[in-house]
Amino acid sequence: METARKAIDRTAEFFTSLGLPSRLSEMGVTDEHFEAMAEHVLKHWFPLETAFTPLDKAAVIAILKASL
């Protein structure tokens, strides 16, 4: 687990060094359209209810909010 955390930190540092945004808010995204975005994900992506960790609309919205 320690190695994995270090790898995640190093990857984040690399992306930052390239000037890539790491949060939706850094690109001007707000939660205004999260409902519609979640509906789109559930309609057009592979079946998320059968994913390793099943996801529903509320879970997709929670992920988007955590990405702000």
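Helix α2 passes helix α3 in a right-handed crossing. Right-handed means that the near helix is turned clockwise from the far one by less than a right angle. The model is predicted, so local features need pLDDT of at least 70 and side-chain atom pairs count only at pLDDT 80 or more, while totals for chains, interfaces and linings use all residues. Residues are numbered from 1 along each chain as its sequence is written, and side-chain values use heavy atoms, with hydrogens and water left out.

**How the helices cross**

- Helix α2 covers residues 34–44, and helix α3 covers residues 57–66.
- Helices are DSSP runs (H or I, at least four residues), numbered from the N terminus.
- The two axes come within 9 Å and cross at roughly 125°.
- That makes α2 oblique to α3.
- Angles under 35 degrees count as roughly parallel, over 145 as roughly antiparallel, 65 to 115 as roughly perpendicular, and the rest as oblique.
- Axes are lines fitted to C-alpha atoms, for helices over the stretch in contact, and angles run from 0 to 180 degrees between N-to-C directions.

**Who makes the contact**

- From α2 come F34, E35, M37, A38, E39, V41 and L42.
- From α3 come K57, V60, I61, L64 and K65.
- Contact means heavy atoms within 4.5 Å.
- The contact residues divide into eight nonpolar, no polar and four charged.
- Here Ala, Val, Leu, Ile, Met, Phe, Trp, Tyr, Cys and Pro count as nonpolar, Asp, Glu, Lys and Arg as charged, and the others, Gly among them, as polar.

**The nonpolar core**

- The largest nonpolar core has eight residues: L24, F34, A38, V41, L48, V60, I61 and L64.
- Such a core is a set of buried Ala, Val, Leu, Ile, Met, Phe, Trp, Tyr and Cys residues joined through side-chain atoms within 4.5 Å.
- The elements giving two or more residues to this core are α2 and α3.
- Not counting residues up to four places away in sequence, L64 touches L24, F34 and M37.

- V60 lies in helix α3.
- V60 is buried, with a relative accessible area of 8%.
- Buried means under 20% relative accessible area, exposed over 50%, and partly exposed in between (1.4 Å probe, protein chains only).
- Leaving aside neighbours within four places in sequence, V60 is in contact with A38, V41, L42 and L48.
- D56 sits in the loop between α2 and α3.
- D56 is partly exposed, with a relative accessible area of 46%.
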